[in-house]
Amino acid sequence: MSYSTQVVFAKMSLQLCISNIQHIFATFLAWIGVRGPQVRLTSTGKVNPIKALQKNISKPATTPSSVNYHFTRQCNYKCGFCFHTAKTSFVLPIEEAKRGLQLLKQSGLEKINFSGGEPFLQDRGDFLGKLVQYCKQDLHLPSVSIVSNGSLIREKWFQKYGQYLDILAISCDSFDEDTNQTIGRAQGRKSHLDNLFKVREWCRDYKVAFKINSVINTFNVNEDMRENISELNPVRWKVFQCLLIDGENAGENSLREAERFVISDQQFQDFLDRHSTISCLVPESNQKMRDSYLILDEYMRFLDCREGRKDPSKSILDVGVEEAIQFSGFDEKMFLKRGGKYVWSKADMRLEW
């Protein structure tokens, strides 16, 4: 065998050896959890293990300080733009939900927000109340909050669980009953606004911070809400630009068709300008909403919304928080930019009840 042939065989053997080492190393990295967004392929379609390891070492783990847990998708309203629709009826057994909440607390959870669907539907609010009590009494979380449409809340719930709740947010998109009916923010012909004002009084009576969430869309974008918001005097008024999510309110497999509710960025800005004198207003454009939330679905999977749809991670109950959160798509800088970190414990708000 000639010298040049020997050199060729030596190079081929070396390349094969390197390839095998890379494969073994990549397999090892996947086994210990270095995968998903951290792993990138080379131009040949193979994992570059050195870069993957460097990224994993240099990137600090995301701390789930504030999490939105949508434990149910079921709802008694039919809002036309809903972006978390009733695609399943699944609800975790309460002990499993508590186990997941404990895992979050161990990973740095400070604020939990319960949402849906409509969270007061399950066991007439008792399921929710028990989770609220557990988070405050057993886990000692600084902040426990709820987002609800308000229609199923009763005073006896406040009497039993109000002391454990920091913030209650009620969704209200209009102060015109006909507009609420058009949007779907109603159950039959019952008055959504009557419920809103009633719950506001209960929050005052039972010392729960009151908040309002509004989705700005085609049917309310020209409304002037200043007088009503001032009268209700919430600690925060979250104003969202109507958002399309594929598979939820847009696309083939969606349960809603929200295209007719969508407004332009300029229309949203005009609404904000009209209400600029409201000091508690917190605006959220589509850009801010998409990747600035840590969202857990009914299976306790993080949902990544960066691509305009909800891509689920594995459940934290199966793989733990640290691994699942890698697939959340969470942008902490945007979370802080939108005002996600604020005084969220009612003990620190110094409110005059």
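Modeller: Axes are lines fitted to C-alpha atoms, for helices over the stretch in contact, and angles run from 0 to 180 degrees between N-to-C directions. This is a predicted model, where local features need pLDDT of at least 70, side-chain atom pairs count only at pLDDT 80 or more, and totals for chains, interfaces and linings use all residues. Residues are numbered from 1 along each chain as its sequence is written, and side-chain values use heavy atoms, with hydrogens and water left out.

Biologist: What makes helix 3 roughly parallel to helix 4?

Modeller: Their packing angle is about 30 degrees, and the axes lie 11 Å apart. Angles under 35 degrees count as roughly parallel, over 145 as roughly antiparallel, 65 to 115 as roughly perpendicular and the rest as oblique. Helix 3 is therefore roughly parallel to helix 4. The helices cover residues 94–106 and 126–138. Helices (H or I, at least four residues) and strands (E, at least two) are DSSP runs, numbered from the N terminus.

Biologist: Which residues make the contact between helix 3 and helix 4?

Modeller: Helix 3 gives Ile94, Ala97, Lys98, Leu101 and Gln102. Helix 4 gives Phe127, Lys130, Leu131, Tyr134 and Cys135. Contact means heavy atoms within 4.5 Å.

Biologist: Why is Met300 called buried?

Modeller: Its relative accessible area is 0%. Buried means under 20%, exposed over 50%, partly exposed in between (1.4 Å probe, protein chains only). So Met300 is buried. Its phi is near 65 degrees, positive in a residue other than glycine. Met300 sits in the loop between strand 8 (295–296) and strand 9 (301–304).

Biologist: Does Arg350 count as buried or exposed, and why?

Modeller: Exposed, because its relative accessibility is 77%. Arg350 also has a positive phi, about 55 degrees, although it is not a glycine. Arg350 lies in the segment after helix 14 (346–349).

Biologist: How do you know that the side chains of Arg204 and Glu201 meet in a salt bridge?

Modeller: The N to O distance is 2.7 Å. A salt bridge is a side-chain nitrogen of Lys or Arg within 4 Å of a carboxyl oxygen of Asp or Glu. Arg204 and Glu201 are 3 residues apart in helix 7 (residues 192–205), so about one helical turn separates them. Arg204, at 26%, is partly exposed. Glu201, at 39%, is partly exposed as well.

Biologist: What makes Glu284 and Arg338 a pair that links distant parts of the chain?

Modeller: They are 54 residues apart. Glu284 is in strand 7 (residues 281–284), and Arg338 is in the loop between helix 13 (332–337) and helix 14. Their salt bridge spans 3.4 Å, N to O. Glu284 is buried, and so is Arg338.

Biologist: Why does Lys211 have no salt bridge?

Modeller: The nearest side chain of opposite charge, Glu284, is 7.1 Å away. Lys and Arg count as positive and Asp and Glu as negative; His and the chain ends are not counted. Beyond its neighbours within four places in sequence, the contacts of Lys211 include Arg236, Lys238 and Tyr342.

Biologist: Why does Asp304 count as buried?

Modeller: Its relative accessible area is 9%. Asp304 forms a salt bridge with Arg306, with closest N and O atoms 2.7 Å apart. Arg306 is partly exposed, at 45%.
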